Amino acid sequence: MRTHAQAVVIGGGVIGCSILYHLTKLGWTDVVLLERDELTSGSTWHAAANIHGLHDNNNITRIQNYTMDLYNALEAETGQSCGVFQPGSLYLAQTEAREHQLRLQAAKAKYYGLNFYEVDRDEAERLHPLVNYDGIRCIMYEPSGGNVDPSGVTNAYATGARQNGAEIHRFTPVTGTEQQPDGTWIVRTPKGDIRTEVVVNAAGLWGREVAAMAGVELPLLPTEHQYFVTETIAEIAALDRRLPSVADRDGEYYLRQEGKGLLVGAYEKDVRFWAEDGTPQGFGHELFADDLERIEDNMMRAIDRVPAVGEAGIKRVINGPMIWSPDSNALFGPVPELKGYFCCNGIIPGFSQSGGLGSLTAEWIVTGEPHLDMFPWDMARFGAWADRKFTKAKVGDQYANRFSIHFPNEERSAGRPARVRPIYEMQKGMGAVFGLNYGWEHPLWFADQPGVVDTNGFTRQNWWEPVGAECRMLRERAGIIDISNFAKYSVKGEGASDWLNSLFANNMPKAVGRSCLTPLIGKRGGIAGDFTVTKLGEEEFLVIGSGMAERYHLRFFNAVERPESIVFESKTEAMCGFNVAGPESRAMLQQLTNASLATEDFPFMRSQRITLAGVDLVALRVSFTGDLGWELHCAVEDQARLYETLLEAGRAVGAGPVGSRALMSLRIEKGYGSWSREYSPEYWPQEVGLAPLIKMGKAFLNKGAYAELAENAPREQLSIIEVLDVEDADASGGEPIFLPDGTPVGRVSSGAYGYTVGKSLALGFLKGVEPGAEVDVMILGRPHRGVVLADPPFDPEGKRLRA
């Protein structure tokens, strides 16, 4: 066994073997995989191994289609069969909401050039004559859908990796991972130690235990999961072809051909957790006792849809473990607090995603950043607040609702609240309906009484009118927005200005009381973040960024060496904030402070330390609403007193609380981009309007990568679209955009109704489309005519902002 390797992959399931294979494809051949037992042990060997291409997230659709295309090529390359069956998949919609979802996915498939389309009942009956299609509103067909052999795929990856020079050691458990002073790692095993630059945790059911060796706690929890295979069914035995699989997610089961029978699996409401305190080290190819009564309701729905299931005997039952993250997405990427430690854990549809996740993990290790924005799957989306209690509640909810539609703007309540501010109960009593942002509860909107909850759907919901009232109140008078969930950092000490200049792309403020907006540049030259930086004193700065990306951004902050003279601290927990905005905001605030808020004394993009109603705070003349306004940042212990004072002062001018859904509408009216929607490492600064903020006359993080693309014409341009023929639904993000002749030209990044301009609006990326052009926005999967606007519809010259 080697004593040194470029990378050590821990875990010999399908994901670990895929990562190893893809590392060798990128030229890293001095790599080792360590497996505690036999390859495929744990969850891989007993997987149903279905494959499908479409996902609600566009980038996951891309990696799933890459994976499906890879299997046949992998067979040809390695000579190892992957057991690929692709008779197609039928997707059934029993409800209007499911029909909306499927039609939207069909529109996305057309945009990406994928094969997924509607078929009528006659064609569906020809494709799968055993299905009863009564009550089905819509049927989609994916010709490349099917299943693979779990063992075959895993061994094909392993064979390909070995052919390219990698080593695989079975029956070699890892007993320790120890980081050395120089940043390298010692991976300890009973067969010897390996020194490596990179450790990859792909340990599946043992992901928690492997992470704990490095001092990392991963929010993962296993559950039991059952499927069964029927005896031979005569109708299937008589066919000369394989039947397509059936995705009847409204029925909460999945079904496909297995041999001459059918395989039926279910995600039942009666969730059974397993190994809550740790996966047993001796577990390998074991299964749990059958418990079909637990999935009886699901089985009966499957029998109603495919009566042959009920007429056949059961040949075997598989009841095995699978391990989940709190949102059922992978925990993917480097641990921000550690150098050279990567995770790829908690993958549920592993055989639909193994190739894509393996490729992107390898790409991240070798090049420093994946080419796709994977933030919704980045392990940094969770922090220490995602504890065992939260994880168990969320995993239970995810399992029981595996096939439920995840609607736009949906906020599920399981595991909450995890983190709250002092005014949480006060806001709840005011009718606040809360959302979750990096563990924090924050108001989405305010109902007229406590206890109201969101309704969910693709069309306008119960919050649509109240959010409109909040928007109009702010634009006409003033509004008070809780922005405490913004990430806040204090940077002070000798050299603070120089360090920030070497990190961010814009020039840092030179004078006390000045603020600037600045991009953070990613490894490939794209937008890794956007921040407001304010100079509070000599060598003292307040940095404000996206709250959901706080742990994510640690990777970039840690990438620039920080002198010992500088104190860098997160203030997100210690500070709270409010944005008071609207034409009456100055008058409302002026009565609470002796500091002059007049434009000549407190102009746009300036800051002051002031006392407001007896509370010492930092006031910034800036507002994400695009209106006249101030951000007020105070100590957490002063939050309640400040909020009560602001609400009382607001009543005098007809102002009140405003939630983040209204803020979404207001910023889209202004054309402002938002992190993870319009700003991401996938997009170049010149594509999103941030290039003027980049100062090439100084050094900054990843300047070289940006310099290589700075003169490139935008591949596509962030644009604002007015959707003209809307009825009861607005764009929400992810919808494809076509020209009227059907040519795909872009996709929506954010959407909302602009209540104060009276327009349904969408921000999106368009290729080769000029202002004034007509386009079709695929809301609900159907074309809605829109026009590309030359300017934001609200205050395009910024007069209100600077008033």
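Student: Hi! Which strands form the open sheet, and in what order?

Tutor: Eight strands make an open sheet with mixed pairing, in the order S5-S6-S4-S13-S14-S15-S12-S16. Its edge strands, S5 (117-118) and S16 (314-324), each pair on one side only. Strands here are DSSP E runs of at least two residues and helices are H or I runs of at least four, numbered from the N terminus. Two strands pair if DSSP finds at least two bridges between them.

Student: What kind of model is this, and how are residues numbered?

Tutor: It is a predicted model: local features need pLDDT of at least 70, side-chain atom pairs count only at pLDDT 80 or more, and totals for chains, interfaces and linings use all residues. Residues are numbered from 1 along each chain as its sequence is written, and side-chain values use heavy atoms, with hydrogens and water left out.

Student: Thanks. How many bridges join S12 to S16?

Tutor: S12 (residues 221-230) and S16 run antiparallel and are joined by 10 bridges. His225 stands opposite Gly320 in S16.

Student: Which helix packs on that sheet?

Tutor: Helix H8 (residues 296-305) does, touching S4 (89-93), S12, S13 (245-248), S14 (253-258) and S15 (261-266). The direction of H8 makes about 60° with that of S14. Helix H11 (residues 388-400) lies across S12, S15 and S16, at about 20° to S12. Those angles run from 0 to 180 degrees between N-to-C directions, with axes fitted to C-alpha atoms, for helices over the stretch in contact.

Student: And S15, is it mostly covered or exposed?

Tutor: Mostly covered: six of its six residues are buried, where buried means under 20% relative accessible area, with a 1.4 Å probe and protein chains only. S15 is joined to S12 by four antiparallel bridges, with Tyr227 opposite Gly265. S15 also pairs with S14 in the antiparallel sense over six bridges. S14 and S15 form a hairpin with two residues between them, and Gly259 in the turn has a positive phi of about 60°.

Student: Switching topic: what volume does the second largest pocket have?

Tutor: About 880 Å³, taken as the space filled by probe spheres set on grid points joined across faces, edges and corners. A pocket is an open set of points on a 1 Å grid over the protein atoms alone, where a 1.4 Å probe fits, with protein on both sides within 12 Å along at least five of seven lines; lining residues have an atom within 4 Å of a point.

Student: Which residues lie nearest its centre?

Tutor: Of the 33 lining residues of the second largest pocket, Pro334, Phe342, Trp364, Gly368 and Arg555 lie nearest its centre. The largest share of the lining, four residues, comes from H15.

Student: Why is H15 described as largely enclosed?

Tutor: Seven of the eight residues of H15 are buried, so the rest of the structure largely encloses that helix. Arg555 is among the buried ones, along with Glu550 and Tyr552.

Student: Last one: is Arg661 buried or exposed?

Tutor: Arg661 counts as buried because its relative accessibility is 8%. Arg661 is found in helix H18 (residues 660-670). Leaving aside neighbours within four places in sequence, its contacts (heavy atoms within 4.5 Å) include Glu411, Trp445 and Asp454.

Definitions and conventions: Buried < 20%, exposed > 50% of the residue type's maximum accessible area, 1.4 Å probe, protein only.
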